[in-house]
Amino acid sequence: MRPVDPQIAWTPYTVDLDREEFANRLHEALSVYVTAMDYPRGTEFHRAPMWTEHSTRPGWKAVGACAGQEDTVAPENSVAPVDTSAPLIGIAYGYRGSSDQWWHQQVLHGLRRSGRPQSEISAILDDYFELTELHVHPSGQGHRLGESLLRHLLRDRTERSVLLSTPEVYDEDNRAWRLYRRLGFQDVLRRFRFAGDSRPFAVLGRGLPL
Ligand SMILES: CC(C)(COP(=O)(O)OP(=O)(O)OC[C@H]1O[C@@H](n2cnc3c(N)ncnc32)[C@H](O)[C@@H]1OP(=O)(O)O)[C@@H](O)C(=O)NCCC(=O)NCCS
């Protein structure tokens, strides 16, 4: 990622990333992800094919946060970056949930095991947008950029609700939890373990529009 010069007044702005722009910026986006999640370097190489495959799914949409110089800041609701070389400091994407997807099947299994009636399970899983990834580079966190990305991503969605999964943390005490709670996300499943991952996760959701 091109370093952000601290001497210059940077104003972040969010933009749609179409498939081509997403592919062009995949390495940058994965670098933001690995740094934000504090994952070991190299994780991005495993994730690249998965993120690329995700971008082919129905209803896929991605939004980026760029660090723009104040005099080149894109107007609100911009669909293309003013400066395509502006450093990417945040990434969010998702797609329409569907019963042929692994995540959907895992959550369905969890909901059944929790004893929820089928009518309630259908209401949760019949028509949702899966928020798959949301990350802001640590240098840009805490300035409502995560909220801006989420609002931009969810703007104009036609699904009834949005669902996401996030690692459980003690007392819900991290920025992701505070952001989701502030925006009204409610518990769908708690302390849920996805196959192949020993960490407990929460599945959260809320109705749309946001
Ligand atoms: C989760 C994440 C995307 C949120 O992005 P962000 O830009 O930091 O989020 P926001 O600024 O919109 O909101 C979170 C913080 O801003 C604070 N905040 C936002 N608006 C506020 C306001 N008006 N008044 C007071 N506090 C406010 C929140 O309370 C929180 O701050 P804190 O942790 O210092 O208490 C980002 O922190 C991140 O990438 N984290 C690591 C990766 C991660 O966990 N991703 C999600 C995986 S599911």
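**Backbone first, then the ligand**

Modeller: Happy to! Let's begin with Asp156, which is found in the loop between H6 and S5. Keep in mind that this is a predicted model.

Biologist: Okay, what is the phi of Asp156 like?

Modeller: Asp156 has a positive phi of about 70°, although this residue is not a glycine.

Biologist: And which residues does a cis peptide bond join?

Modeller: That bond joins Leu208 and Pro209, with omega at about 5°. You'll find Pro209 in the segment after strand S7, which spans 201-207.

Biologist: Great, on to the ligand. Which residues come nearest to the ligand?

Modeller: There are 20 residues around the ligand, and the nearest are Val136, Arg144, Gly146, Arg175 and Arg178.

Biologist: Which polar atoms lie by the ligand's nitrogen and oxygen atoms?

Modeller: On the nitrogen side, a polar side-chain atom of His135 is 3.4 Å from a ligand nitrogen. For oxygen, a polar backbone atom of His143 lies 3.2 Å from an oxygen atom of the ligand. Leu145 also has a polar backbone atom at 3.4 Å from a ligand oxygen.

Biologist: How much of the ligand does the protein bury?

Modeller: The protein buries 75% of the 940 Å² that the ligand exposes when taken alone.

Biologist: Where does the ligand sit?

Modeller: In the largest pocket. The elements that give two or more residues to the shell around the ligand are helix H2 (26-37), strand S4 (128-136), helix H6 (145-154), strand S5 (161-167) and helix H7 (175-182).

Biologist: Which of them gives the largest share of that shell?

Modeller: H7 does, with 6 residues. By class, the shell around the ligand has 8 nonpolar, 7 polar and 5 charged residues.

Biologist: Nice. Now the pocket itself: what volume does the largest pocket have?

Modeller: About 1300 Å³. Its lining has 45 residues, and Met37, Thr132, Glu133, His135 and Ser165 are the closest to the pocket centre.

Biologist: Last one: how does the lining divide by class?

Modeller: The lining of the largest pocket has 21 nonpolar, 13 polar and 11 charged residues.

Methods
Residues numbered from 1 in each chain as written. Predicted model: local features only at pLDDT ≥ 70, side-chain atom pairs only at ≥ 80, totals over all residues. Heavy atoms only, no water. Near = heavy atom within 4 Å. Polar contact = N/O pair within 3.5 Å; in protein donor to acceptor, adjacent residues only side chain to side chain. Areas by Shrake-Rupley, 256 points an atom, 1.4 Å probe, with all protein chains shown as cover. 1 Å grid on protein atoms, 1.4 Å probe; cavity = no way out; pocket = protein on both sides within 12 Å on 5 of 7 lines; lining within 4 Å. Sits in = over half its atoms within 2 Å of the grid points. Helix = DSSP H or I, 4+ residues; strand = E, 2+ residues; numbered from the N terminus. Nonpolar A, V, L, I, M, F, W, Y, C, P; charged D, E, K, R; others polar. Points joined across faces, edges and corners; volume = space filled by probe spheres on them.
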